[in-house]
Amino acid sequence: MDSDFADLLAANAAFAETFDLAGFDGVAHAGVAVVTCMDSRIDPLRMLGLKSGDAKIFRNPGGHVSSAALDAMVLGVHLLGVQRILIVPHTKCALAMNTEAELRAQVGAASGQDAAWTSWNVVTDQVAALHEDVARVRSHPLIPDRVPVGGFLYDVDTGLLEHLI
Ligand SMILES: [Zn+2]
């Protein structure tokens, strides 16, 4: 059973030998929460100069502020020390470079199954979508005004964040 994951478990064993996060309280020590995309080109902690334990990170395809993301932000703000929230979509995101129909077709072709029923939160205008997402967080009844909410675009080619909202 472990063969599929053997390399990762071996790496984990080495990680655990020098594990230094035991007893950690789970609070965001830098008071930061980030909603961003699952894209493997994004390293949310490193891009902000943060380290393990500093931030709450919520990821999904596109970095969309979904209802689950809002739940995470509410928990973060009230129970886990979050004082600032960054919403961070990125350049060259598959969710902004394809239509729903294109993604359905690609998933259908790759899986060999009917994927016509899937929904992907594709955006045609990333900046407009970011405005909506930031507004969704700012206007949430359980996100207090004292918590700054910023909208940013991460450039996967330069590593730079552009502060848009
Ligand atoms: Zn993406």
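This is a predicted model: local features need pLDDT of at least 70, side-chain atom pairs count only at pLDDT 80 or more; totals for chains, interfaces and linings use all residues.
Figure 1. Lys92 lies in the loop between S3 and H4. The phi angle of Lys92 is near 60 degrees, a positive value in a residue other than glycine. With a relative accessible area of 42%, Lys92 is partly exposed. A salt bridge joins Lys92 to Asp157, with the closest N and O atoms 2.8 Å apart. This pair links distant parts of the chain, 65 residues apart, since Asp157 is placed in the loop between strand S4 (149-154) and strand S5 (161-163). Asp157 has a relative accessible area of 54%, which is over the 50% cut-off, so Asp157 counts as exposed.

Figure 2. The largest nonpolar core holds 20 residues, of which Val35, Val65, Met73, Ile85, Ile87, Val137 and Ile143 touch the most other members. Two or more residues each come from S1, helix H3 (67-79), S3 and helix H6 (126-138). H3 gives the most to this core, with five residues. A second, separate core of 15 residues includes Ile42, Val88, Leu95 and Val156. In soluble globular proteins, nonpolar side chains tend to be buried together.

**Figure 3. Surroundings of Val65 and the Asp133-Arg136 salt bridge.** When residues up to four places away in sequence are not counted, Val65 touches Val35, Leu70, Ile87, Asp133, Arg136 and Val137. Among these contacts, the side chains of Asp133 and Arg136 meet in a salt bridge with an N to O distance of 2.6 Å. Asp133 and Arg136 are separated by about one helical turn because they are three residues apart in helix H6. Asp133 has a relative accessibility of 7% and counts as buried, whereas Arg136 is partly exposed, at 30% relative accessible area.

Figure 4. The model contains six salt bridges, and one of them joins the side chains of Glu100 and Arg104 at 3.5 Å, N to O. Both residues lie in helix H5, four residues apart, or about one turn of the helix. Arg104 is partly exposed, with a relative accessible area of 28%. Asn121 is found in the loop between helix H5 (100-111) and H6. Although Asn121 is not a glycine, its phi is positive, at about 55 degrees. Its relative accessibility of 46% makes Asn121 partly exposed.

Figure 5. Phe15, Phe19, Leu21 and Phe24 make a nonpolar surface patch of about 360 Å². Leu21 lies in the loop between helix H1 (6-17) and S1. The relative accessible area of Leu21 is 31%, and this residue is partly exposed.

Technical notes. Residues are numbered from 1 along each chain as its sequence is written. Side-chain values use heavy atoms; hydrogens and water are left out. Patches are made of residues with over 30% relative accessible area and no salt bridge: like charges are joined within 9 Å, nonpolar side chains (Val, Leu, Ile, Met, Phe, Trp, Tyr) within 5 Å. Accessible areas come from the Shrake-Rupley method with a 1.4 Å probe; for residues, only the protein chains shown count as cover. A salt bridge is a side-chain nitrogen of Lys or Arg within 4 Å of a carboxyl oxygen of Asp or Glu. Buried means under 20% relative accessible area, exposed over 50%, partly exposed in between (1.4 Å probe, protein chains only). A nonpolar core is a set of buried Ala, Val, Leu, Ile, Met, Phe, Trp, Tyr and Cys residues joined through side-chain atoms within 4.5 Å. Contact means heavy atoms within 4.5 Å.
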